[in-house]
Amino acid sequence: MTSASSDLIASLFSTLLSEAKKVYDATPAMQGFAKWPTDLTYHHQAPVWIPAIRQLTLWENNHPLHKATQSILPYGKWKQTYTEQEVGYGFLQDYGYIELFGPDGHFRSDQVRGYVGYWGKGLYYPWHHHEAEEIYTVISGSGYFEAEGKAPVTLTSGQCQIHESNQPHALTMKESAILTLVLWGGAGMAGLPKMGTIS
Ligand SMILES: [Fe+2]
C-alpha cells in the first residue's frame, strides 16, 4: 500500500478534477450534455487495484488529464462493472474505470456522474446499453465507436460520442488503447450498464 499522506492524495484528486473540468470547458458537446456539478465534496475512498494499473503506468502521453490520471493510479477506487463470464478473462486484465464524481465517486455528487475509463488496445467492448444518457470524450488514444442508428466512427483526443438513453453501443480499440472522460446524466444515473442490445 501507499505511504502517501491523505492530504497528498486529496490534492492529487483535486488536480484530476480540475483537469477534467478543463476538458469539459474546452468541449461544447459536454457543456450541452450536462452542467458541471455544483455539489462536489471530496471523500476519501479506499483504493481498489486492477491489473490495468500496470498498463496505464507505462502508457506515456502528455495530455494533462492523462498525466493527472496516472498520478492517482494507486489511490483510485478502480471499478469493473462486468464479470469474467460476460466479457472474458482478458478483458478484465486490461480495462477499468474510476468514478471521479457521482453517488459513489471520489467526489460525491447527486447531479451528474463522471468517470475516467480505460480500455486496452485490441479489446472489443461488446454491445451494451443503460438507461442513463452518456457522453464520451476521448482523452488519449483512440477507439472505434459504434451505436445503433449512427454511422461508426473512430474518435481521438478531444472528440465526443453521445449515447441516448438505452441506445445500444459498442467500442473497439483497434489502433491504440483509449482513455476517456465520460459523463452520465438523466434518469438511471445511479444504474449500471447491461450487456446486450435489448433494454
Ligand atoms: Fe455506455
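## Burial and the model

A residue is buried if 20 or more other C-beta atoms lie within 10 Å of its own, exposed if 12 or fewer, and partly exposed in between, with C-beta atoms placed from the backbone. This is a predicted model: local features need pLDDT of at least 70, side-chain atom pairs count only at pLDDT 80 or more, and totals for chains, interfaces and linings use all residues. Residues are numbered from 1 along each chain as its sequence is written.

## G196

G196 is exposed, because 11 other C-beta atoms lie within 10 Å. G196 sits in the segment after β11 (194-195); strands (E, at least two residues) and helices (H or I, at least four) are DSSP runs, numbered from the N terminus.

Leaving out residues up to four places away in sequence, G196 touches W127 and H128. Contact means C-beta atoms, placed from the backbone, within 7 Å. H169 is 27 residues from G196 in sequence, and their C-alpha atoms are 9.1 Å apart.

## The largest nonpolar core

A nonpolar core is a set of buried Ala, Val, Leu, Ile, Met, Phe, Trp, Tyr and Cys residues joined through C-beta atoms within 7 Å. The largest one has 43 residues, and L100, V116, Y118 and W119 touch the most other members. Elements giving it two or more residues include α1 (6-25), β2 (95-102) and β4 (113-119).

## One side of α4

L65, A68 and T69 are buried in α4. They lie on the same side of α4, because they cover an arc of only 105 degrees around the axis. That arc is taken from the directions from the helix axis to the C-beta atoms. The buried residues of α4 pack against α1, β4, β6 and β10.

Conventions
Two residues are in contact if their C-beta atoms, placed from the backbone, lie within 7 Å.
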